[in-house]
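Have the sequence and the 3D view open side by side as you read.

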Amino acid sequence: MNAILQCLCSISPLVEYFLSGKYITALQKSFGEVATAFAYLMTDMWLGDSDCVSPEIFQAALGHFYPEFLKRTQQDAQEFLIYVLSELHVALKKYHQRKSYQKGSTERCIREAIANESSIITRLFEGQLNYGIICLKCENSTYRNEVFTVLSLPIPSEYECSLQDCLQCFFQQDTLTWSNQIVCSFCGTKQETALRASISKAPKIIIFHLKRFNIQGTMKRKLRTDIHYPLTNLDLTPYICPIVRKHPKYNLCAVVNHFGDLDGGHYTAFCKNSVTQMWYSFDDTRVSEIPNTSIQTATAYLLFYSCQHFAIPIQKGKS
């Protein structure tokens with residue numbers, strides 16, 4: 001929990017939204033407990049006088065909906081992140097009437113509305129994948145969109161690889177056969193299908209989940225692959241739909257590390273501070289400045305990248 005909260009606290013646009021009080025006008029009162037507790041926590045972490053801040057009020061608020069996070073047992077950081085982002089979205093969402101498009105050409109499918117609800121969470125973290133689906137019998141092509149806030153990437157090597165290797169593995173064409181066949185709308189029956197994903201909307205903040213935990217039946221193991229990831233200029237152009245004009249490059253802004261195995265372990269965080277532009281290591285109550293050369297480790301589990309430079313958050317009443 002602490003590692004995820006430190007990473008979210010390092011994302012200036014999100015912090016500014018809460019410190020400036022903008023969240024108050026969007027707050028859905030019947031679902032506002034988690035968002036309000038999050039705002040108080042962000043305020044204490046950025047403006048408080050204490051060296052350490054306890055997230056117990058936020059933990060209790062989130063625990064009303066997800067009791068497993070009240071336990072003192074190890075919980076998955078990726079799941080916790082998804083739950084936090086989901087609850088903040090529910091509390092702060094606004095409804096918008098948008099045009100809908102009939103599925104036809106690739107371009108129209110991509111332009112189809114992502115969602116009728118928007119919030120600070122969707123504006124910062126939500127992206128969209130476009131799946132091209134080709135029936136291998138009749139060659140009929142269809143397209144399907146899917147929104148995401150976290151991309152879970154397979155790890156193609158046991159010992160060493162790069163983030164680009166993981167991305168290539170995720171976005172490579174896959175063939176669905178046997179029990180994975182899907183119904184072709186033209187043939188009317190299940191057929192072998194070629195499936196390929198691309199990014200049709202790149203988020204401002206893209207989060208990669210490195211799938212280190214491998215569970216097959218009763219067999220459980222953690223992949224300790226040393227994954228090399230860039231601190232700056234991550235280029236996602238090869239994975240973005242050709243008709244999408246914007247091809248932003250991303251800079252690393254936070255990392256969640258996992259030590260241990262599936263049954264027990266410990267999370268820490270590396271975060272870049274928007275005020276000092278320095279990197280810091282957060283290990284529960286222990287905080288230390290670290291050089292850029294220490295950011296690359298074999299324990300990385302979640303990677304946060306931003307396509308925009310983080311400015312110092314503006315506080316309420318200041319400009």
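Where does Asn233 lie? Asn233 sits in the loop between β14 (226–228) and β15 (234–235). Helices (H or I, at least four residues) and strands (E, at least two) here are DSSP runs, numbered from the N terminus.

Before we go on, some ground rules. This is a predicted model, in which local features need pLDDT of at least 70 and side-chain atom pairs count only at pLDDT 80 or more, while totals for chains, interfaces and linings use all residues. Residues are numbered from 1 along each chain as its sequence is written, and side-chain values use heavy atoms, with hydrogens and water left out.

1. At 52% relative accessibility, Asn233 counts as exposed. On that scale, buried means under 20% relative accessible area, exposed means over 50%, and partly exposed is in between (1.4 Å probe, protein chains only). Glu139 is not a glycine either, and its phi is positive at about 65 degrees. Look for Glu139 in the loop between β3 (127–135) and β4 (141–148); it is exposed, with a relative accessible area of 63%.

2. Rolling a probe the size of a water molecule over the atoms shows where empty space is left. The search runs on a 1 Å grid over the protein atoms alone: a cavity is a set of points where a 1.4 Å probe fits but cannot get out, a pocket is an open set with protein on both sides within 12 Å along at least five of seven lines, and lining residues have an atom within 4 Å of a point. Grid points are joined across faces, edges and corners, and a volume is the space filled by probe spheres set on the points. The largest pocket comes out at about 1,300 Å³. It has 41 lining residues, and Met1, Asn2, Ala3, Gln6 and Asp284 lie nearest its centre. The elements giving two or more residues to this lining are α1 (2–9), α4 (33–47), α6 (77–92), β17 (265–272) and β18 (279–283). By class, the pocket lining has 19 nonpolar, 15 polar and 7 charged residues. For these classes, Ala, Val, Leu, Ile, Met, Phe, Trp, Tyr, Cys and Pro count as nonpolar, Asp, Glu, Lys and Arg as charged, and the others, Gly among them, as polar.

3. **A cavity.** How many cavities of 30 Å³ or more does a search of the whole structure find? The search turns up 1. The largest cavity holds about 50 Å³ of space. Among the residues lining this cavity are Asn2, Ala3, Gln6 and Asp284. Its lining takes at least two residues from each of α1, β17 and β18, and divides into 4 nonpolar, 3 polar and 2 charged residues.

4. **Aromatic rings.** The structure holds 12 aromatic pairs. Rings of Phe, Tyr and Trp (its six-membered ring) pair if their centres lie within 6.5 Å; planes under 30 degrees apart count as stacked, over 60 as edge-to-face and the rest as tilted. Tyr66 and Tyr83 are stacked, at 4.1 Å centre to centre and 15 degrees between the planes. This pair links distant parts of the chain, with Tyr66 in the loop between α5 (56–63) and α6 and Tyr83 in helix α6, 17 residues apart. Phe170 and Phe171 have ring centres 4.8 Å apart and planes at 75 degrees, so that pair is edge-to-face. Phe171 is buried at 4% relative accessible area, whereas Phe170 is partly exposed at 22%. Ring pairs also join Tyr17, Phe18, Tyr23, Phe38 and Phe58 into a cluster.

5. **Side chains reaching the backbone.** Ser20 is in the loop between α2 (12–19) and α3 (23–26), and is buried, with a relative accessible area of 16%. Its side chain reaches the backbone oxygen of Tyr17 at 3.4 Å and the backbone nitrogen of Lys22 at 3.5 Å. Lys201, in strand β10 (residues 193–201), has a side-chain polar atom 2.6 Å from the backbone oxygen of Glu126.

Notes: Polar contact = N/O pair within 3.5 Å; in protein donor to acceptor, adjacent residues only side chain to side chain.
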